[in-house]
Amino acid sequence: MAVSGKHTIMSSTPLQVLLYLNGWYFAAYFLAESLMFVFKGLMLPYPTANLTLDVVLLLLFLGLESLRIFYGWKGNLTERSLAMFVSVLILVLCAVLSVYYLLLQTFVLRLEFILNAVLLCFYSLEMLLGIMSISAFSRSKVY
Amino acid sequence: MSAVGNLVPARFLTLTAHLVIVITIFWSRENNVEACLPLDFTQEQYDNEDTKLVVALSVTLGLFAIELAGFFSGVSMFNCSQGLLSLTAHCSASVSLSFFVFQRWECWTYWVIFALCSVLPAFVEILLFIAVFGLKKKPL
């Protein structure tokens, strides 16, 4: 394989660390939220439509988050700006869902508030690093 | 190497769990403060105990900041001994603090949990900081 000069690495290590830890954190978050919905469904006076909406949105959140982390991971490692851009777009949707679970859902537990606040901290850092990576990848003269 | 690969997320998750429960106690500490006081207490006694608990929780959060700084900067992320110590300390702290909240333990028990499970990992973290930045050792 021909090596044509030095290639400085533009992948962002902090972003990779954050994506890795975010994946694990979201797995724990999903488990905790599912158990909390079981608790809330039994203990609190939920109208059925609201509970169904919240559970379906949680499943949607799982799908979106998995997609976002996959695109961010691969985009960062292969230094392609399109994948990173898709990841940042999905991050906006995920942030909206997180704010819904933080503030707007029918019954908000203190624990849910704190878990979603930590998730939003992750998202803000990842958005910052994601945008910086997109600009770094687009600026490079690889081809 | 796969042991290290699983130690890092496990340590992060137990650290986060401990942090979450400390913030929860900070938020809803009336029940626990009332558990420390005799059945008929004055407002002054309540404020006294409340201040002590707030101080304990704030110092815990400060020590968390030290440990998270060490973890995210890479100083102790791949150090297996610190990872294992941190994992066990924060896991036992999370369980003990859950008991503290639900069973309404007295205030002095918080200081015991604090000394064993917050001070110890933070102290080792500071030692590692000194080793890496002061003595120029490689952070493993």
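## Exercises on a predicted two-chain model

Chain B runs α-α-α-α-α along its sequence. This is a predicted model, in which local features need pLDDT of at least 70 and side-chain atom pairs count only at pLDDT 80 or more, while totals for chains, interfaces and linings use all residues. Residues are numbered from 1 along each chain as its sequence is written, chains are lettered from A in the order in which they are written, and side-chain values use heavy atoms, with hydrogens and water left out.

**Exercise 1.** Describe the secondary structure and the extent of chain B.

*Solution.* Start with the elements. Chain B has five helices and zero strands. Helices (H or I, at least four residues) and strands (E, at least two) are DSSP runs, numbered from the N terminus. Now take the extent. The C-alpha trace of chain B spans about 55 × 30 × 20 Å along its principal axes.

**Exercise 2.** Characterise the interface between chain B and chain A.

*Solution.* Count the residues in contact (heavy atoms within 4.5 Å). There are 13 from chain B and 13 from chain A. Next, the area. Interface size is often given as the accessible area lost when the parts come together. Here the two chains bury about 1200 Å², 88% of it on carbon and sulfur atoms. Buried area is the accessible area (1.4 Å probe) lost by two parts on being put together, summed over both.

Then check polar links. One residue pair, both at pLDDT 80 or more, is in polar contact between the chains. A polar contact is a pair of N or O atoms within 3.5 Å; within protein, one must be able to donate a hydrogen and the other to accept it, and residues adjacent in sequence count only if both atoms are side-chain atoms.

Finally, assign the chain B side. α1 (2-27) and α3 (43-73) of chain B each give two or more residues to it. α1(B) gives the most, with nine residues. By class, this side holds nine nonpolar, four polar and no charged residues. Ala, Val, Leu, Ile, Met, Phe, Trp, Tyr, Cys and Pro count as nonpolar, Asp, Glu, Lys and Arg as charged, and the others, Gly among them, as polar.

**Exercise 3.** Locate Phe30(A) and list its contacts beyond neighbours within four places in sequence.

*Solution.* Phe30(A) lies in helix α1 of chain A. Its contacts beyond those neighbours are Leu58(A), Leu59(A) and Leu62(A). Check one C-alpha distance: Phe30(A) and Leu59(A), 29 residues apart along the chain, are separated by 8.8 Å.

**Exercise 4.** Find what joins Glu112(A) to Lys40(A).

*Solution.* Their side chains meet in a salt bridge (3.0 Å, N to O). The term requires a side-chain nitrogen of Lys or Arg within 4 Å of a carboxyl oxygen of Asp or Glu. Glu112(A) is in helix α4 (residues 110-139) of chain A and Lys40(A) in helix α1 of chain A, 72 residues apart.
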